[in-house]
Amino acid sequence: MNKIKVLLSIIERGKGSEYIESLNAQNVKFNLQTVGHGTAPSEMKDIFGLVNSEKDVVFSFAPEATLAAFAAQQGQVVGKKKSYGGLAIVTKLTAISRITAEIISRGAGNTDKGGAKDMEGEVKYNLIFISVNQGYSEMVMKTAKKAGATGGTVMRGRLAGQEMLEGYDETEVTEEREIISILAPVSVCKEIMENVNAEFGLSSKAKGTVFALPVEKAFKI
């Protein structure tokens, strides 16, 4: 069975449906969409061509060869048709259910024809995820930026398994959560995570949890 990988795309609000149609046309057919709010400063928006702060966030799952082909062709295929004003990130998937993997592989068809190069190599970036009680995202980003982060995307969510954190200390764990994702160079990732955890970890009122994923490729879309 083909190895399944994840494509995380952060694009302008309102373009998610059209972007997913473009992904479907390139055999990336298993997609989950949500919304977020960008925190990149104006200079980063200029670099990446970002127009506004409101974001559509798309999680896509596809065989490695399919995503390698998409990454190789995005400048020729996606770029010519439409600019989505955002960034796409390819990362590894540690585990997935067998049936889901079979459905994803079947939906992508027989794409491994030897034409796409393996994306694996030296990891230069990590994708950091920080989950905190609602209302702390701006303070988290200030701390992260002091440690070298240039910007991030904030998504709203709910905490499942809240009872696991209750009783850790007297600080309340709220069900409503903010999830901050930050693309950061490996050289500053550890400092960002340590500083955020020191101020907003489980021992703080923010009740934060922090983890990172290796990024194999990142490109403008």
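Accessible areas are those given by the Shrake-Rupley method with a 1.4 Å probe. On this basis, the protein, which is a predicted model, exposes about 11,700 Å², and carbon and sulfur atoms supply 51% of that area. Of its 221 residues, 45% are buried. The secondary structure consists of seven helices and eight strands. Among contacts with a separation of 6 or more, 84% are made by residues 24 or more positions apart.

The strands form a closed barrel of eight, in the order β1-β3-β2-β6-β7-β5-β8-β4, and their pairing is antiparallel. From one strand to the next, the twist averages 35 degrees. In general, the strands of a sheet pair through backbone hydrogen bonds, in either a parallel or an antiparallel manner. Strand β4 (residues 87–92) is joined by five bridges to strand β8 (residues 209–220), and the two run antiparallel. Within this pair, Leu 87 stands opposite Lys 220 of β8. Helix α6 packs on the sheet, where it touches β5, β6 and β7, and its direction makes about 20 degrees with that of β7. Helix α7 lies across β5, β7 and β8 and runs at about 10 degrees to β5.

Helix α6 comprises residues 137–146, of which Ser 137, Val 140, Met 141, Thr 143 and Ala 144 are buried. These residues lie on the same side of α6, because they cover an arc of only 160 degrees around the axis. Glu 138, Lys 142 and Lys 146, on the other side of the helix, are exposed. The packing partners of the buried α6 residues are β5 (125–133), β6 (153–158), β7 (176–185) and α7 (186–200). Thr 143 is one of the residues of α6. With a relative accessible area of 8%, Thr 143 falls under the 20% limit and is therefore buried. Leaving aside residues up to four places away in sequence, Thr 143 touches Asn 195, Val 196, Glu 199 and Phe 200. Just after α6, the backbone of Gly 148 takes a positive phi of about 125 degrees.

The largest nonpolar core contains 19 residues, and those that touch the most other members are Ile 130, Val 132, Val 140, Ile 180, Ile 182 and Ile 192. Two or more residues are given to this core by each of β5, α6, β7 and α7. The element that gives the most is α7, with five residues. The surroundings of Ile 180 can be described in detail. When residues up to four places away in sequence are not counted, Ile 180 touches Ile 128, Phe 129, Ile 130, Val 132, Ser 137, Val 140, Met 141, Thr 153 and Val 154. Another core, of 16 residues, lies apart from the largest one, and its members include Leu 7, Ile 20, Leu 23 and Phe 219.

Helix α1 (residues 16–25) was examined in a similar way. Its buried residues are Gly 16, Tyr 19, Ile 20, Ser 22 and Leu 23. An arc of only 155 degrees around the axis holds these residues, so they lie on the same side of α1. The face turned away from this buried side carries the exposed residues Glu 21 and Ala 25. Asn 27 follows α1 and lies in the loop between α1 and β2 (30–38).

Positive backbone phi values also call for comment. Most residues other than glycine have a negative phi. Asn 27, a residue other than glycine, has a positive phi near 70 degrees. Because its relative accessible area is 28%, between the limits of 20% and 50%, Asn 27 is classed as partly exposed. A positive phi is also found at Lys 207, a residue other than glycine, where the value is near 50 degrees. Lys 207 is located in the loop between α7 and β8. The relative accessible area of Lys 207 is 0%, under the 20% limit, and this residue is therefore buried.

Conventions
Residues are numbered from 1 along each chain as its sequence is written. This is a predicted model: local features need pLDDT of at least 70, side-chain atom pairs count only at pLDDT 80 or more; totals for chains, interfaces and linings use all residues. Side-chain values use heavy atoms; hydrogens and water are left out. Buried means under 20% relative accessible area, exposed over 50%, partly exposed in between (1.4 Å probe, protein chains only). Helices (H or I, at least four residues) and strands (E, at least two) are DSSP runs, numbered from the N terminus. The arc is that of the directions from the helix axis to the C-beta atoms. Contact means heavy atoms within 4.5 Å. A nonpolar core is a set of buried Ala, Val, Leu, Ile, Met, Phe, Trp, Tyr and Cys residues joined through side-chain atoms within 4.5 Å. Two strands pair if DSSP finds at least two bridges between them. Axes are lines fitted to C-alpha atoms, for helices over the stretch in contact, and angles run from 0 to 180 degrees between N-to-C directions.
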